[in-house]
Amino acid sequence: QVQLVESGGGLVQAGGSLKLSCAASGNIFSINVMGWYRQAPGKQRELVAAITSGGSTNYADSVKGRFTISRDNAKNTVYLEMNSLKAEDTAVYYCNAQGITRATILFGSWGQGTQVTVSS
């Protein structure tokens, strides 16, 4: 079993910055992809950014140039630095990790979510 614990959400004014963190723990052999998704009220969950163990990244068009995803493989931790925040970035942000357990079982886990609210 793999657990993800997120932190760093909160309330910020438009134009401000926040940094989210997500630490994975449990029966982990390796994590291939870690990513951040978000879900605003009344909308579907969408990918914000993802990063592979090799450092390749992928961003939603709406956050390119404003958000940066990074990870510390030794700590099984992924970060999302969010700058120039806009009201439309308001959502619950979820961490996701996909990898293999020590029992060579594929896993895909979600964090509990952290609220990000941007006031205009």
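C22 is a buried residue, with a relative accessible area of 0%. Please keep in mind that this is a predicted model. From C22 we can follow a disulfide to C95, and then visit two loop residues, T101 and E88.

**The disulfide**

- Searching the whole structure turns up 1 disulfide.
- The bond runs between C22 and C95, with an S to S distance of 2.1 Å.
- This pair ties together distant parts of the chain, 73 residues apart: C22 belongs to strand β3 (residues 18-26), and C95 to strand β9.
- The disulfide of C22 and C95 is left-handed because the torsion about its S-S bond is about -80°.

- T101 sits in the loop between β9 (91-100) and β10 (106-110).
- Is T101 buried or exposed? Its relative accessibility is 6%, and buried means under 20%, so T101 counts as buried.
- Leaving aside residues up to four places away in sequence, T101 touches N27, I28, F29 and F107.

- E88 lies in the loop between β8 (77-82) and β9.
- With a relative accessible area of 57%, E88 is exposed, because the cut-off for exposed is over 50%.
- How far apart in space are E88 and S120, C-alpha to C-alpha? The distance is 9.4 Å, while in sequence E88 and S120 are 32 residues apart.

Notes: Residues are numbered from 1 along each chain as its sequence is written. This is a predicted model: local features need pLDDT of at least 70, side-chain atom pairs count only at pLDDT 80 or more; totals for chains, interfaces and linings use all residues. Side-chain values use heavy atoms; hydrogens and water are left out. Helices (H or I, at least four residues) and strands (E, at least two) are DSSP runs, numbered from the N terminus. Buried means under 20% relative accessible area, exposed over 50%, partly exposed in between (1.4 Å probe, protein chains only). Contact means heavy atoms within 4.5 Å. A disulfide is a pair of cysteine sulfur atoms within 2.5 Å.
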